Amino acid sequence: MPKLYIVPTPIGNLEDITLRAIRILKEVDIILAEDTRKTGILLKHLNISGKLQSHHQFNEHKTTERIISVISTGQSIALVSDAGTPAISDPGYLLIRECLKSGIKVECLPGATASVPALVNSGLPADRFIFEGFLPHKKGRKSKLEQLAEFPYTMIFYESPFRLLKSLEAFAEYFGEERKAAVARELSKIYEETIRGTLSELICHYKDKTIKGEIVIVVEGKKPEARSPKTGV
Ligand code: SAM
């Protein structure tokens with residue numbers, strides 16, 4: 001049965017790939033990759049060669065139709081991104097949607113993604129949360145922050161090291177300096193660290209530092225207003 005497999009790949013540590021992911025990458029006819037050079041390094045490590053094709057946000061509108069016709073002829077295809085799970089702040093959504101529209105089965109393997117270990121490491125409630133990906137830099141940023149200020153559950157953001165401080169300052173401005181948060185840096189890599197504290201403590205920690213590496217910010221949701229002990233409202 002022709003199928004599109006969505007295959008998560010490590011976000012740092014090369015050991016973080018499942019046995020099934022390796023088997024699927026070996027079995028499929030074509031591996032679609034965001035950056036064939038980066039994925040090439042992983043495939044070399046897994047002794048897989050000769051089936052990489054490029055599929056990224058700049059060509060996905062053009063290549064989607066061709067990929068669907070290739071799958072329809074009986075070839076099996078795996079989609080990977082540079083790191084983590086495709087379609088999570090990465091290309092993939094468009095191809096998945098069009099495959100499903102054309103009656104092609106899609107199967108996403110469980111696997112690496114940066115948001116889940118960052119959330120769990122943060123020590124903030126992990127029972128209900130929202131994944132926001134990258135905050136808009138300009139258009140829509142203010143209204144997004146105003147809207148999230150009222151959100152009662154834990155929030156997860158992806159951010160570049162160059163914009164970390166700016167985002168922490170924006171969160172402090174809109175959510176209040178005393179909101180708890182955690183910054184997870186370089187998950188699964190040698191210099192992995194999670195710094196936890198209030199937003200003002202985190203701003204103090206990162207101010208005047210050169211920040212490097214990949215980053216996830218996790219922020220506590222708005223606490224319910226304290227009820228009056230007398231009236232209960
Ligand atoms: N598809 C990926 C996933 O499933 O998490 C996300 C890809 S997105 C283009 C890249 C962002 O993910 C980085 O800017 C960073 O915010 C986060 N990220 C990826 N790897 C990470 C790591 N090892 N440590 C911390 N954050 C990471």
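A pocket, as I use the word here, is an open set of grid points with protein on both sides within 12 Å along at least five of seven lines. With that in hand: this is a predicted model, and the space taken by the ligand is its largest pocket.

So what lines up around the ligand? The shell holds 18 residues, and those that come nearest are Ile88, Asp90, Thr113, Tyr158 and Ile215. Sorted by class, the shell has nine nonpolar residues, five charged and four polar.

Next, where the shell comes from. Domain 1, residues 4-108, and domain 2, residues 115-219, each contribute at least three residues to it. Two strands also feature: β7, residues 154-159, and β10, residues 215-219, each give the shell at least two residues.

Which ligand atom faces the backbone of isoleucine 88? A nitrogen atom, with a backbone N or O atom of isoleucine 88 at 2.8 Å. At threonine 85, a backbone N or O atom lies 2.9 Å from an oxygen atom of the ligand. At isoleucine 215, a polar backbone atom is 2.5 Å from an oxygen atom of the ligand. As for cover, the ligand on its own has 570 Å² of accessible area, and the protein covers 90% of that.

To go back over one residue: isoleucine 215 is among the nearest in the shell, and its backbone also has a polar atom 2.5 Å from a ligand oxygen.

Methods: Residues numbered from 1 in each chain as written. Predicted model: local features only at pLDDT ≥ 70, side-chain atom pairs only at ≥ 80, totals over all residues. Heavy atoms only, no water. Near = heavy atom within 4 Å. Polar contact = N/O pair within 3.5 Å; in protein donor to acceptor, adjacent residues only side chain to side chain. Areas by Shrake-Rupley, 256 points an atom, 1.4 Å probe, with all protein chains shown as cover. 1 Å grid on protein atoms, 1.4 Å probe; cavity = no way out; pocket = protein on both sides within 12 Å on 5 of 7 lines; lining within 4 Å. Sits in = over half its atoms within 2 Å of the grid points. Helix = DSSP H or I, 4+ residues; strand = E, 2+ residues; numbered from the N terminus. Nonpolar A, V, L, I, M, F, W, Y, C, P; charged D, E, K, R; others polar. Domains from an automatic or database assignment.
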